[in-house]
Amino acid sequence: MDGIGNDVLAHVLEFVGPNNFLYVAPVNRRFRDVYKSIQTTTHSTNTSFEADVETLSFATAMVQVCRERQVINWDKNAAHAAAKRGRLNILRPLLATVRTRVWVTVADTAAKYGHMDILEWVRSERGTIFL
């Protein structure tokens, strides 16, 4: 990577998109610094729940961090993001230990975004949920 200039690295990191700091920064200091430099918002070190539910390993890491930091409503926010994106593979382990009201959020979001597979799964797991 030493032969690649920061301008080229910045161009590549633009494809990662905003709100992925937690996944870019650990690569190395250069990635962290270049990524922060191209973010136009004041929240350049944020990581969104939408980014967290892209893969099961990201979601697992997010759950651990949120529990350690005692983040309020992390389960509801993560479940909403996963349902919005149709990530049933993320919802299954995520919802194993959450409150009932989170299931309502999942059903509501899945219905809004047309994810019938998630609605069918919620019904098979929880029965009828009134929205």
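Predicted model: local features only at pLDDT ≥ 70, side-chain atom pairs only at ≥ 80, totals over all residues.

Helices here are DSSP runs of type H or I with at least four residues, numbered from the N terminus. With that numbering in hand, select G86, which lies just after α6 and takes a positive phi of about 75 degrees. Among the elements, helix α4 (residues 49–52) has the lowest mean pLDDT, 66, whereas α9 has the highest, 91.

Step back now into α6 itself, where the buried residues are W74, D75, A78, A79, A81, A82 and A83. A79 also belongs to the largest nonpolar core, a set of 23 residues in which A79, L91, L95, V106, I118, W121 and V122 touch the most other members. Two or more residues of this core come from each of α5 (56–69), α6 (74–84), α7 (88–94), α8 (100–112) and α9 (116–126). Centre the view on V106, which, leaving aside residues up to four places away in sequence, touches A79, A83, L91, L95, I118 and V122.

Next, show α8 and α9 together: their axes come within 9 Å and cross at roughly 155 degrees, which means that α8 runs roughly antiparallel to α9. The crossing of these two helices is left-handed. To see the contact, select T100, W103, V106, A107, A110 and A111 on α8, and I118, L119, W121, V122, E125 and R126 on α9.

Note on methods
Residues numbered from 1 in each chain as written. Heavy atoms only, no water. Core = buried A, V, L, I, M, F, W, Y, C linked by side-chain atoms within 4.5 Å. Buried < 20%, exposed > 50% of the residue type's maximum accessible area, 1.4 Å probe, protein only. Contact = heavy atoms within 4.5 Å. pLDDT = per-residue confidence, 0-100. Axes fitted to C-alpha atoms, helices over the stretch in contact; angles between N-to-C directions. Parallel < 35°, antiparallel > 145°, perpendicular 65-115°, else oblique. Left-handed = near helix turned anticlockwise from the far one by under 90°.
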